[in-house]
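Please open the model in the viewer and keep the sequence at hand.

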Amino acid sequence: MKTWLCAAALLGGIALPLSAAATFSIVACDADGSCGAAVATHNLAVGATVIHAQARVGAIASQFETHPRHGASGLALLSQGATASAAIKELLDKDGAFDDQGPEWRQLGVVGARGDGAAFTGKQAAASPWAGATSGPGFSAQGNGLAGRQVTEAMRDAFLRASGPLAARLMTALEAGRDAGGQSIGAMSAALLVRTPEGDWQDVDLRVDAAAEPVLALRRLLNLRQAHDTVLLAERHQRAGHVREARAAIDEAIRLGSDWDRIWRRAARLDMALGHHEQALCALTAFAALNPRWAAAEAGDPLYRPLQAMPAYQQLLARPVPPDPQAKASSKAVSVPSDSTVVISVAEEATPTSRR
């Protein structure tokens with residue numbers, strides 16, 4: 001039986017448990033009180049358990065063999081005034097050998113809202129191909145099962161060189177770690193978390209739970225998030241009468257989210273409000289290429305009446321609407337006690353108009 005299981009696994013017939021020993025992360029805080037982390041690993045859904053952050057308090061990564069309570073406990077210690085190093089010591093002293101594994105199985109990266117970052121790598125974690133950390137004022141980059149020290153050093157350098165919001169700089173650091181060799185056994189999931197003093201929609205919480213290129217997929221999610229934020233900025237500029245600023249923001253949103261149908265729809269509407277009819281038609285056409293059914297309903301909106309004299313707009317209206325791929329799924333046969341059959345046809349959902 002064991003021989004058969006081994007052969008089946010080699011042939012791809014059985015999915016064996018994934019090793020936890022291959023993770024790199026960075027935790028950091030900004031002067032404005034924003035704190036966050038970015039992480040990639042060769043395991044499933046890293047964002048659900050490994051990274052934690054709280055605005056004006058700090059950020060923590062608990063990895064290799066993650067202790068599920070280190071995140072909340074560490075943030076509580078930081079909120080009470082503990083330094084990053086003191087918080088790590090307290091967490092390890094009270095580790096409790098969760099899952100029959102003690103401090104030697106832990107790797108921690110901690111940073112407080114003020115002061116230096118700090119890290120710890122236990123003996124078992126240190127036994128992986130390469131494990132360690134590079135810490136400094138306001139950040140700590142750490143990893144295990146890595147291609148070498150150059151991974152955390154590249155993360156540090158990229159983070160310190162980068163500009164812009166904390167989420168963007170953390171993402172840049174994670175990409176630098178990947179490009180420096182990343183994990184020696186590959187990658188599966190990645191996540192980005194930032195908690196801001198403003199909270200609500202200003203926070204960032206993006207996760208790629210399983211993908212062949214998780215860091216690349218995470219970058220796409222961040223680009224889409226930034227595209228959405230930039231569209232909102234464009235709308236504010238338009239309402240304030242700032243035409244040039246609105247135009248620039250629309251163009252930037254399209255650059256970031258050119259594969260998202262919602263961005264093109266919002267761009268078309270903004271261009272109509274700005275009186276930029278040719279740009280609006282261009283946006284509608286791109287929208288139709290990505291989502292022809294939704295674009296067909298959108299193009300018929302009275303908002304676009306000023307485009308009626310444009311041949312390209314008439315061609316857009318004349319395009320046949322493709323069949324609804326959900327049409328068959330939306331008709332269901334339901335058995336009733338009388339043994340008769342009732343066919344329930346579900347009406348097509350109204351065109352979405354929510355902003356988020």
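Begin by selecting Pro165, Gln202, Val204, Arg225 and Asp229, which lie nearest the centre of the largest pocket, among the 22 residues that line it. On a 1 Å grid over the protein atoms alone, a pocket is an open set of points where a 1.4 Å probe fits, with protein on both sides within 12 Å along at least five of seven lines, and lining residues have an atom within 4 Å of a point. This is a predicted model, in which local features need pLDDT of at least 70 and side-chain atom pairs count only at pLDDT 80 or more, while totals for chains, interfaces and linings use all residues. Residues are numbered from 1 along each chain as its sequence is written, and side-chain values use heavy atoms, leaving out hydrogens and water.

The lining comprises 10 nonpolar, 5 polar and 7 charged residues. Next, select helix 6 (166-179) and helix 7 (214-240), each of which supplies at least two lining residues. Helices here are DSSP runs (H or I, at least four residues), numbered from the N terminus. Helix 7 contributes the most to the lining, with 8 residues.

Finally, select helix 10 (residues 277-290) and helix 12 (residues 311-318), whose axes come within 10 Å and cross at roughly 25°. Helix 10 and helix 12 are therefore roughly parallel as well. Leu281, Leu284, Thr285 and Ala288 of helix 10 make the contact with Ala312, Tyr313 and Leu316 of helix 12. By class, this contact has 6 nonpolar, 1 polar and no charged residues.

Technical notes
Nonpolar A, V, L, I, M, F, W, Y, C, P; charged D, E, K, R; others polar. Axes fitted to C-alpha atoms, helices over the stretch in contact; angles between N-to-C directions. Parallel < 35°, antiparallel > 145°, perpendicular 65-115°, else oblique. Contact = heavy atoms within 4.5 Å.
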